[in-house]
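Reader: Could you walk me through this model, starting with the ligand and ending with the domains?

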Amino acid sequence: MEKLSERLLRLRYSQTFVMSNKARDMKASGVDVISLTLGEPDFDVPANIKQAAIDAINENYSHYSPVPGFLDLRQAIAAKLKRDNELDYKPSQICVANGAKQAIINVLMALVNDGDEVILPVPYWVSYDEMVKMVGGRSVFIKTSYVNDFKITAEQLEEAITPKTKVLLYSSPCNPSGSYYTYDELKSLAKVISKYPHITVISDEIYEYINYETKHRSIAAFPEIYEQVAVINGLSKGYAMTGWRMGYSACPEWLAKACDKVQGQMTSGANTVAQRAAITALTTDPAEYRYMIDEFKKRRDIVYDLMKEIPGFKVLLPKSAFYFYPDISFYIGKTLNGKEIKDSDDFAMFLLDEAHVGSVGGVSFGSPECIRFSYAASEVNLREAMKRIKETLEKYT
Ligand SMILES: Cc1ncc(COP(=O)(O)O)c(C=O)c1O
């Protein structure tokens with residue numbers, strides 16, 4: 001008899017971790033690999049946030065916090081949502097979790113029955129489809145492509161909705177595509193959603209601050225669907241705090257209570273020291289941390305100029321987040337240096353083996369014709385990586 005559960009057996013490992021581990025192993029064996037696999041800011045945590053954590057330890061914040069987080073942190077989050085997003089939430093509507101990842105799974109567990117449908121615009125963040133499987137749901141994909149900036153339209157959304165649809169889940173700004181939905185686009189999606197009160201939108205806004213063009217917009221700002229939206233956010237990307245595991249959801253009261261119930265049985269709430277530090281982060285003027293975004297933008301522009309010159313890459317200038325997601329369908333079906341390229345995972349493996357550059361194939365983001373490069377890396381490494389890829393592909397094609 002199989003010891004592992006069917007639920008577990010249905011899950012896949014994150015391809016991001018598969019590729020980053022492979023790159024790390026190659027490096028450990030002496031190969032000079034440049035890894036552009038992980039979506040992780042390479043900055044240190046800002047000094048005032050670190051100090052707040054040190055103070056919290058010295059002040060003995062060492063006991064359980066309330067399950068949805070300290071009240072003053074939830075007040076700080078509510079104030080942030082008002083300040084940055086013009087959203088009105090009470091602290092009772094907020095649930096602080098161990099990262100945005102847990103905040104998303106809390107909401108999915110609260111909403112999804114076996115066989116319920118969750119709409120995922122493609123490309124989607126790798127974990128969404130696996131999380132849907134974990135809660136017994138069924139993902140319904142809406143295909144987009146490079147040609148339409150990887151964004152769905154209101155018509156496509158309406159076509160995908162069935163009586164079994166429970167959730168629409170997306171990230172804007174988007175990992176992996178680097179696109180974001182504009183105010184008008186969100187408005188047209190909100191109009192569709194408002195016609196289907198049985199649907200909840202999980203709006204993952206973790207890359208909110210990393211938008212090079214405009215102020216971030218949340219779909220929760222449209223009053224007609226306020227009761228149908230769970231806003232997800234966190235401190236991993238905007239504050240370079242990936243390891244601190246600080247995320248949160250902001251929901252209608254009924255859903256916030258449900259998240260509290262799930263979390264109470266799963267983790268008893270988030271780390272208290274990180275919660276105290278998060279108060280400092282969220283109450284500091286975001287302009288103080290803008291230097292990280294400016295640096296990402298500089299790197300993006302450098303990579304864009306170099307990537308455009310790589311043969312067979314169809315590349316868009318990403319407007320947000322810190323990823324490039326070029327279409328590499330030119331190489332699919334070809335054999336490069338004896339290696340058959342059936343999809344972009346094969347292509348990513350080829351680049352790792354031949355150019356010693358780590359990336360993540362698009363299969364687990366839902367697009368086997370694209371490949372993801374994170375540019376949360378040093379300028380020197382980014383330049384060298386683009387040079388290696390170009391030279392390798394010129395050699396073999
Ligand atoms: C779209 C998206 N949502 C959520 C997360 C997870 O964030 P956290 O570190 O807060 O769990 C990531 C991390 O890569 C992400 O890209």
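Author: Happy to; here are some questions and answers about this predicted model.

Reader: Which helix gives the largest share of the shell around the ligand?

Author: The ligand is surrounded by 13 residues, and Gly99, Ala100, Lys101, Gly234 and Ser236 are the closest. By class, the shell has three nonpolar, eight polar and two charged residues. The largest share, three residues, comes from residues 99–111, that is, from helix H5.

Reader: Which strands stand at the edges of the open sheet of three strands, and why is one side of each left without a neighbour?

Author: The strand order is S9-S14-S13, and the pairing is antiparallel. Each edge strand has a single partner strand, so one of its sides has no neighbour in the sheet; these strands are S9 (323–324) and S13 (360–361).

Reader: Which element gives the most to the side of domain 1 that touches domain 2?

Author: Between them, 36 residues of domain 1 are in contact with 31 residues of domain 2. The elements giving two or more residues to the domain 1 side are helix H1 (6–10), helix H2 (15–28), helix H11 (290–307) and S9. The most, five residues, comes from H11.

Reader: How many charged residues does that side of domain 1 have?

Author: Sorted by class, the side of domain 1 that touches domain 2 has 16 nonpolar and nine polar residues. The charged residues there number 11.

Notes:
Residues are numbered from 1 along each chain as its sequence is written. This is a predicted model: local features need pLDDT of at least 70, side-chain atom pairs count only at pLDDT 80 or more; totals for chains, interfaces and linings use all residues. A residue is near a molecule or strand if its C-beta atom, placed from the backbone, lies within 6 Å of it. Helices (H or I, at least four residues) and strands (E, at least two) are DSSP runs, numbered from the N terminus. Ala, Val, Leu, Ile, Met, Phe, Trp, Tyr, Cys and Pro count as nonpolar, Asp, Glu, Lys and Arg as charged, and the others, Gly among them, as polar. Two strands pair if DSSP finds at least two bridges between them. Two residues are in contact if their C-beta atoms, placed from the backbone, lie within 7 Å.
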